[in-house]
Amino acid sequence: MKLKLVYIFLVCLAGLNLFLLYTNVQRQNEINNLRSSNSKTTAASTPILSKEATLIHPDIALKPDGLSFSIIVPQNSCSSCLEFEVPNINDLYREYPDQVQLYILGQDEQFLSPYGFTHTAQVIDPMKPVFDHEFDFVNPVAVITDSEGIIHKFYAAEVGNVEKSDLFYKRMNSFLNAIY
């Protein structure tokens, strides 16, 4: 009788173990599905550009010697991003007007005026590729390039990420201060 109870207990324990293993696999599959859907939305909201990319737009000027710092603002940028990007751009441009180049990807040169932009910007053709890699402009982008257009530093504004914007422009201010 004792042997029978031990056998029943072991069978129940094995059945419970199989049930828990099955539910664990199901939950892991749900987690993986959520992660993959989250990474797809993150990639769409924050484009990443390969480090091997090159700036190729014919209207964007590259310095023949040294580094160029270019900020490219697409006209389809979200307004909340522009509200915290433009003051940082203004501050940096005010300090280093000869080192910072600002481009508007679109047709309207007054596009940034409602956000408080107070300097000049060059309008560039949005139909021409900016980089030698496929890239969807959704928010302002800043790049540091060499005389060949090879990108050494890439920054893309993110919706609601004021801290990232502030940190980037402070770092660029410090960088430009050190080399000029």
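1. Largest pocket. In this predicted model, the largest pocket has a volume of about 220 Å³. A pocket here is an open set of points on a 1 Å grid over the protein atoms alone, where a 1.4 Å probe fits, with protein on both sides within 12 Å along at least five of seven lines; the volume is the space filled by probe spheres set on the points.

2. Pocket lining. There are 14 lining residues, and Leu105, Pro126, Lys128, Phe135 and Phe137 are the closest to the centre; lining residues have an atom within 4 Å of a point. The lining comprises 9 nonpolar, 3 polar and 2 charged residues (Ala, Val, Leu, Ile, Met, Phe, Trp, Tyr, Cys and Pro count as nonpolar, Asp, Glu, Lys and Arg as charged, the others as polar).

3. Secondary structure. The chain holds 3 helices and 5 strands, in the order α-β-α-β-β-β-β-α from the N terminus. Both are DSSP runs: helices are H or I of at least four residues, strands E of at least two.

4. Helix packing. The axes of H2 (residues 79-95) and H3 (residues 162-179), lines fitted to C-alpha atoms over the stretch in contact, come within 10 Å and cross at roughly 5°. The two helices are therefore roughly parallel (angles under 35 degrees). Contact, meaning heavy atoms within 4.5 Å, involves residues including Phe84 and Leu92 of H2 and Tyr169 and Leu176 of H3.

5. Overall dimensions. The C-alpha trace spans about 95 × 35 × 35 Å along its principal axes.

6. Basis. Residues are numbered from 1 along each chain as its sequence is written. Local features need pLDDT of at least 70, side-chain atom pairs count only at pLDDT 80 or more, and totals for chains, interfaces and linings use all residues, while side-chain values use heavy atoms, without hydrogens and water.

How values were computed: Axes are lines fitted to C-alpha atoms, for helices over the stretch in contact, and angles run from 0 to 180 degrees between N-to-C directions. Angles under 35 degrees count as roughly parallel, over 145 as roughly antiparallel, 65 to 115 as roughly perpendicular and the rest as oblique.
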